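Please keep the sequence and the coordinates open while going through them.

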Amino acid sequence: MSAGLNCNASPPLWLLAELTYRCPLHCVFCYNPLNYAENNKELTTAQWIDVMQQARKLGAAQLGFSGGEPLLRDDLEELVAEGHRLGYYTNLITSGVGLTETRIARMKQLGLDHIQLSFQDSTKEMNDFLSSTKTFDLKLRVARLIKQYDYPMVLNVVLHRHNLDHVDRIIEMALAMDVEYLELANTQYYGWGLVNRVHLLPTREQVERAEAVVNDYRSRIGKRLKILFVVPDYFEERPKACMNGWGSVFFAVGADGTALPCHAARSLPGIEFPNVTQYSLRDIWQHSDAFNLYRGDDWMQEPCRTCPEKKKDFGGCRCQAFALTGDATNADPVCSKSAHHEVVKNIVLHANTNNASVAAEQPLLFRSDANSRRFFGSKP
């Protein structure tokens with residue numbers, strides 16, 4: 001890490017601790033690094049506690065325990081206790097695998113504030129197919145435990161062409177579980193999602209039908225269930241304000257200690273991301289080249305540089321710009337003002353025809369150590 005600009009950046013508000021990349025699921029849209037199997041190093045308990053303490057001193061107020069599957073860490077309860085002691089609002093992001101009554105009771109006692117549980121679909125067959133595991137019944141049991149221990153019930157379901165037409169059944173499942181908050185997060189095409197895009201990208205008609213179903217339920221059920229429907233970027237005309245701007249509020253730390261301004265940032269080549277075992281979080285946040293690279297708007301090309309929307313969308317997503325144009329400094333191609341917007345339009349246009357033929361020849365790649373080493377071991 002070279003001595004970058006001291007930009008007097010505002011403090012990070014959100015610390016994401018990716019405790020491990022190990023996971024019992026094999027989801028086809030996993031956002032973990034494609035070459036995760038090449039690096040099995042994980043920070044120790046003491047190192048994670050040090051990270052949490054440093055981030056709290058920087059100003060971080062929310063702490064997410066993620067993975068992989070964070071419940072595979074035997075020290076999760078110790079980390080939860082420290083997060084609570086430090087004054088964080090703590091959130092466990094989990095598949096539910098490994099969440100026993102003993103563990104949830106202990107974490108409740110230790111001050112865990114929030115649990116986000118993921119499902120892949122409303123049916124056992126599709127849920128288990130998409131994760132290549134038999135976990136649907138287990139997830140139902142975990143959902144009951146979360147309610148039993150008086151946590152706000154937060155359910156996350158990643159949507160794509162295989163389950164988008166099941167939105168009504170997913171909402172009914174959430175209502176039956178007494179879910180308070182349902183996040184219907186359409187697949188964002190990074191990591192394994194990008195590799196499997198021809199299998200996962202829905203048609204525009206599917207997205208529009210699903211959104212209409214969601215709006216109908218919203219009007220009928222009122223405040224009983226809050227539904228967030230995240231439209232996939234490819235179907236928009238304006239990019240999302242990715243992470244509220246690079247190096248603005250979000251500080252992720254990978255399982256091996258790599259510091260990242262967003263969880264997908266490793267997909268960008270040529271950037272040396274600092275490691276928390278070598279540098280303080282304050283130095284990384286304020287001075288590292290990696291965190292300053294796309295901060296503010298000095299890096300922007302046209303049309304972003306003079307666009308009045310740049311204070312709202314920050315030029316969109318750098319990882320998406322690179323994935324679709326080969327240059328991370330380009331305007332996010334989702335934006336209709338981007339010179340590369342036609343790339344996105346063509347991808348969506350051919351979702352029905354080209355995707356079906358290509359998918360027949362290109363296998364659906366489940367997240368697995370074997371696929372990671374075979375196909376992605378040499379990638380950055």
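**Notes on the predicted model**

1. C30 is placed in the loop between strand 1 and helix 1, where helices (H or I, at least four residues) and strands (E, at least two) are DSSP runs numbered from the N terminus. With a relative accessibility of 12%, C30 counts as buried; buried means under 20% relative accessible area, exposed over 50%, and partly exposed in between, with a 1.4 Å probe and protein chains only. Leaving aside neighbours within four places in sequence, C30 is in contact with Y190, G191, W192, G193 and R367, contact meaning heavy atoms within 4.5 Å.

2. On provenance, this is a predicted model in which local features need pLDDT of at least 70 and side-chain atom pairs count only at pLDDT 80 or more, while totals for chains, interfaces and linings use all residues. Residues are numbered from 1 along each chain as its sequence is written, and side-chain values use heavy atoms, with hydrogens and water left out.

3. The unreviewed UniProt entry lists C23, C27 and C30 under "binding site"; UniProt positions are given in the numbering used here, feature names are shortened, and annotations may be inferred rather than shown by experiment. C27 is also found in the loop between strand 1 (14-18) and helix 1 (45-58), and it counts as buried at 9% relative accessibility. Not counting residues up to four places away in sequence, C27 touches Q120, L130, S131 and R367.

4. The unreviewed UniProt entry also places "domain: Radical SAM core" at residues 9-220. In the model, the end C-alpha atoms of that span lie 44 Å apart, and the span is 43% helix and 17% strand.

5. Nine strands form an open sheet with mixed pairing, in the order 7-6-5-4-3-2-1-8-9, where two strands pair if DSSP finds at least two bridges between them. The edges are strand 7 (226-230) and strand 9 (259-260), each of which pairs on one side only. Strand 5 and strand 6 (residues 181-186) pair in the parallel sense over six bridges, and V158 stands opposite A185 in strand 6.

6. Helix 5 (residues 136-148) has 13 residues and reaches 19 Å from its first C-alpha to its last, close to the 18 Å expected at 1.5 Å a residue, the expected span being 1.5 Å times one less than the number of residues. F136, K139, V142, A143, L145 and I146 are buried in helix 5. Seen down the axis of helix 5, these buried residues fall within an arc of 165°, so they line one face of the helix; the arc is that of the directions from the helix axis to the C-beta atoms.

7. The buried residues of helix 5 pack against helix 3 (101-110), strand 4 (114-119), helix 4 (124-131), strand 5 (153-159) and helix 6 (167-176). S118, which lies in strand 4, is buried with a relative accessible area of 16%, and among its contacts beyond four places in sequence are K139 and N156.

8. Some backbone details deserve a check. A cis peptide bond joins G67 and G68, with omega about 15°, and the bond from E302 to P303 is cis as well, with omega near 5°. S132, although not a glycine, has a positive phi of about 55°; S132 is in the loop between helix 4 and helix 5 and counts as partly exposed at 40% relative accessibility.
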